[in-house]
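Have the sequence and the coordinates open as you read.

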Amino acid sequence: MAQQEDVFKKIVSHCKEYGFVFPSSDIYDGLAAVYDYGQNGVELKNNIKQYWWQSMVLLHENIVGIDAAIFMHPTTWKASGHVDAFNDPLIDNRDSKKRYRADVLIEEQMAKYEDKIQKEIEKAQKRFGDSFDEAKFRATNERVLENQQKYDDLHRRFHDVMNAEGGIDLDGLKQIILDEGIVCPISGTRNWTDVRQFNLMFKTEMGSTADGASTIYLRPETAQGIFVNYLNVQKTGRMKLPFGIAQIGKAFRNEIVARQFIFRMREFEQMEMQFFIQPGTELDWFQKWKAYRMKWHQNLGFGAENYRFHDHDKLAHYANAATDIEFRMPFGFKEVEGIHSRTNFDLSQHAKYSGKKIEYFDPETNESYTPYVIETSIGVDRMFLSIMCHSYEEQQLPDGQTRTVLHLPAALAPVKLAVFPLTKKDGMPEKAQEIINELRFHFNCKYEEKDQIGKRYRRMDAIGCPYCVTVDQQTLEDNTVTLRDRDTMEQKRVHISELRGIIEDKVSITSLLKKLL
Ligand code: ATP
C-alpha cells in the first residue's frame, strides 16, 4: 500500500512537471481541490471528451448533444431534490480538526476487510499454483470466513442505516464508526463529533441587491440541463423514443473531503447522457448501457481485470437500478462512472414544478406518457486520472538505466509525433520543419532540436508521445527517416512519404471508435 501511495505521489508531481495538471492559482499556493490543466493536460482532456462525444453522438443516430448554461432557474434544484437532499453526512475528529464523510469512513473499513480476504487468496494462489480452487478456499479458509463475516455484518448494518425511514440515520452512522473502532488517520483517535448533514451546492447571487437579487446555484450535475431541455430537443429534433441527449460540461460541488488530487474536485467536468425510453423497458436498456459503457472503457486496452461493476445497495428513492464502473487506481478500485435507471422522476418533478406538460406521444401505441430515463454519467477528470495512473511507468531498461514513460493510448496522447533534426546544421532543421508542415493538418506534431537525441526521446516518453522521427544526413540524400516507437523503443527506417499512412490510423480517435462497433 505504502508503495502504491508513493507511485501516486509521483504521478501527481509528474502531472505538474510535464504540463498536465497544475494547482489552481498556483502562484498564490493553490486553491483546495481546484486544478488547472496545462498545455499537455488540455490536449489529453480534449481527446477524452472527443472519444466520449463521438462514441455517443457520431455512433448513435438517436443521440444528439446540447450545451446548456451552468446557471439555471433556481426552481430546477428544488424540483430535482438537490436543495433538500443533496447532502453528505460529515463527521469531525476533535483532535486533528479534520473533517470526513462518515459514509466514506465506513466504506473504507469494508474495503479493508475485502483487502484482507484478497491477500489470503493471493497468498494461497501462489502456494498452490494451478491446482488452486478459489471457490473452495473462500468456503473453507478460517481467516477468509472470519473477514467475510465481518464484512457482511458491516455491510448489512450500513445498508440499514443509509436506507432508514425518513432518510439516513445519522446517529446510527456514528455508532457504526464507534463500534468498528475507526480512528482518524491523522490523529489516530476516536474522538468524533456527531454526524451532521451538509449541502454540497455552491450558492451565488444573480442581479443587484437593489433589484432584489435571487439566490442561484452553480449546477452540481449537468443532467438537469438535459431534463429541462427534453421538450425543446424532442420537438425541434422530431426525436422518437428511444433517444438520448448528451452533454459535456462543468459541475460544482462543495465536497467535504477533497483529497486525492483530481479524483474529488470542487469544480469538475462531467460527460452525461440521458436516454429516454418507454416505461417498462428500463431494465433491458439499463443492461445494454451497462455493457456498452464497459466496452467503451475496456476499448482503451488497460485490461479487463482493472475494471469492475459495483451495484448500488443504496438506491435513491426514484431509481430502480444503479451501478458504478470502478477502475483500479493506486488507492484501490474507485468509481469513474455511474449508470442509473432514474424512472420518470426528473421529468415528472419538472412537470410538477413548472406546470408544463412534459410527455411523449407514442405514435405506435397512441398513448402519451412521461418517458423513463437511463443515465450514464462519467467524470472527465476521474477518467483523466485513471488514464494517467495506468499509463505511468518507471521502466528499467536492459542497459541499467530507467526511463519514465506514459503508455497513453495513442489516440488520446497530447502529441502524436515529435520530429527531431539530428543536428542544427546542414538543412536538417528545415527538413524536419517541412515534415511537420505536411503532417500538422492530420495530427498534433512537435518540433524539438535541443539536447542529444536520447534526452529528446525521454522528454517525449514522459508526455506519452507515441512516435518520434529523426532527420539525419541520410534523410537529406534519400528522404528516409528513423521512426521510433514509444513502447517498444524500436527504430526503423521509413520513407517520409510513408509516415502519414503508418501513424494516422493508429493515433486517430476513429481507430478507437471503429473497435466499438
Ligand atoms: P462520489 O460517490 O465519488 O462522490 P457520486 O456518486 O456522487 O460520486 P455522481 O453524482 O454519480 O457521483 O457523478 C457522476 C460522475 O461524476 C462520477 O462517477 C465521477 O466520475 C464524477 N464526479 C462526481 N463528483 C466528482 C468530484 N467531486 N470530482 C471529480 N469528479 C466527480
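**Domain 1 against domain 2**

The C-alpha centres of domain 1 and domain 2 are 35 Å apart. The model is predicted. The domain assignment gives domain 1 as 1-83 + 200-396 and domain 2 as 397-514.

**Contact and buried area**

- On the domain 1 side, 25 residues are in contact with 24 residues of domain 2.
- About 2,100 Å² is buried between domain 1 and domain 2.
- Carbon and sulfur atoms give 64% of that buried area.
- Within domain 1, the residues that lose the most area to domain 2 are S391, Q395 and Q396.
- Together, S391, Q395 and Q396 account for 26% of what the domain 1 side buries.

**Polar pairs and salt bridges**

- The rule for salt bridges finds 0 across the interface of domain 1 and domain 2.

**Elements on the domain 1 side**

**Residue classes on the domain 1 side**

- The side of domain 1 that touches domain 2 has 12 nonpolar residues.
- It also has 10 polar and 3 charged residues.

Terms used. Residues numbered from 1 in each chain as written. Predicted model: local features only at pLDDT ≥ 70, side-chain atom pairs only at ≥ 80, totals over all residues. Heavy atoms only, no water. Domains from an automatic or database assignment. Contact = heavy atoms within 4.5 Å. Buried area = accessible area lost by both parts, 1.4 Å probe. Salt bridge = Lys/Arg side-chain N within 4 Å of Asp/Glu carboxyl O. Nonpolar A, V, L, I, M, F, W, Y, C, P; charged D, E, K, R; others polar.
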